[in-house]
Amino acid sequence: MTKSVHMKPLAHHGFYQQQNFPINLPYSTICRRQVNMETGVEEVPPDSFWTLVASGMRLTPAQVADCRTALTLYRERMEVVMAERRSLADQLASCMGALHLAEAEGRAAPGSMQRERLTLEAEEVAAALDTNVAAEGHTTMLARDLLNSTLLTKMQCARISVLSYPYFPDALALLTAAVDISERPSKSGGSGGAAAAGEAAANS
């Protein structure tokens with residue numbers, strides 16, 4: 001593959017729309033949907049795909065440690081967010097159940113104090129759920145923000161773009177893959193083999 005062909009996936013990712021680096025990886029991963037840019041069809045790459053990409057990044061031990069820290073922080077915060085969501089979902093179901101029961105028993109006629117109280121309670125829980133969803137998005141972006149030019153070298157950013165084609169880089173998937181690779185037992189043909197495959201793909 002020639003150097004001119006190497007530029008094709010990079011241009012498709014929009015990483016070279018700016019005259020110079022830094023590459024703005026977080027904005028390339030805002031949309032969770034994955035689209036195959038060759039076919040235009042939505043599809044989710046298998047985990048093994050991102051393992052290959054992460055191997056080709058050639059991270060240093062310090063960079064892997066940063067990835068592990070980011071992933072741990074993401075998981076801890078997300079655990080809190082999802083626990084709150086389950087609680088709020090239960091509360092909303094309880095509020096709606098109480099409202100429906102009151103309606104069935106004739107205790108929540110339109111304009112009645114009972115109906116207004118139950119409706120207000122349900123609306124407050126629904127608003128809290130909206131806030132919770134926003135918190136999930138913010139937490140995800142915090143994890144993704146570590147995959148930027150302050151953590152990675154310009155060459156590593158370029159490798160991500162080449163190896164991720166025909167998809168946009170999924171920063172969270174790459175964080176997970178990088179940590180998983182580092183935690184595998186060292187075996188001949190194991191993570192070293194994946195790294196070699198990633199390097200070969202980047203240099204092809």
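# A helical chain, question by question

The secondary structure of the protein chain comes to 8 helices and 2 strands, where helices (H or I, at least four residues) and strands (E, at least two) are DSSP runs numbered from the N terminus. This is a predicted model, in which local features need pLDDT of at least 70 and side-chain atom pairs count only at pLDDT 80 or more, while totals for chains, interfaces and linings use all residues. Residues are numbered from 1 along each chain as its sequence is written, and side-chain values use heavy atoms, with hydrogens and water left out.

Student: In what order do the elements of the protein chain run from the N terminus?
Tutor: Happy to start there. Reading from the N terminus on, the order is α-α-β-β-α-α-α-α-α-α.

Student: How much of the protein chain counts as buried?
Tutor: Buried means under 20% relative accessible area, exposed over 50%, and partly exposed in between, with a 1.4 Å probe and protein chains only. Of the 204 residues, the share that counts as buried is 37%.

Student: Which residues does Leu59 contact, leaving aside its neighbours within four places in sequence?
Tutor: Leu59 is among the residues with the most contacts inside the largest core. Contact means heavy atoms within 4.5 Å. With the sequence neighbours set aside, the partners of Leu59 are Val64, Cys67, Leu152, Gln156 and Ala178.

Student: How many residues of α6 are buried?
Tutor: α6 is mostly covered. Its buried residues are Gln156, Cys157, Ala158, Arg159, Ile160, Ser161, Val162, Leu163 and Ser164. Out of 11 residues in α6, the number buried is 9.

Student: Are α3 and α7 roughly parallel or roughly perpendicular?
Tutor: Axes are lines fitted to C-alpha atoms, for helices over the stretch in contact, and angles run from 0 to 180 degrees between N-to-C directions. Angles under 35 degrees count as roughly parallel, over 145 as roughly antiparallel, 65 to 115 as roughly perpendicular and the rest as oblique. The axes of α3 and α7 come within 8 Å and cross at roughly 75 degrees. That makes the pair roughly perpendicular.

Student: What classes of residue make up the contact of α3 with α7?
Tutor: Trp50, Thr51, Val53, Ala54 and Ser55 in α3 meet Ala173, Leu174, Ala177, Ala178 and Ile181 in α7. For the classes, Ala, Val, Leu, Ile, Met, Phe, Trp, Tyr, Cys and Pro count as nonpolar, Asp, Glu, Lys and Arg as charged, and the others, Gly among them, as polar. The residues divide into 8 nonpolar, 2 polar and no charged.

Student: How do α4 and α5 lie relative to each other?
Tutor: Helix α5 spans residues 113-144, and α4 and α5 pack with their axes 9 Å apart at an angle of about 160 degrees. By class, their contact has 21 nonpolar, 5 polar and 7 charged residues. With that angle, α4 and α5 are therefore roughly antiparallel.

Student: Which residues does Arg68 touch, not counting those up to four places away in sequence?
Tutor: Arg68 is in helix α4 and is partly exposed, with a relative accessible area of 31%. The C-alpha atoms of Arg68 and Asp180, 112 residues apart along the chain, are separated by 9.2 Å. The residues that Arg68 touches are Val179, Ser182 and Glu183.

Student: Which peptide bond is cis?
Tutor: Look at the loop between α6 and α7, where Pro166 lies. Omega is near 15 degrees for the cis bond, and that bond runs from Tyr165 to Pro166.

Student: What is the phi of Arg58?
Tutor: Arg58 sits in the loop between α3 and α4. This residue is partly exposed, with a relative accessible area of 32%. Although Arg58 is not a glycine, its phi is positive, at about 55 degrees.

How values were computed
A nonpolar core is a set of buried Ala, Val, Leu, Ile, Met, Phe, Trp, Tyr and Cys residues joined through side-chain atoms within 4.5 Å.
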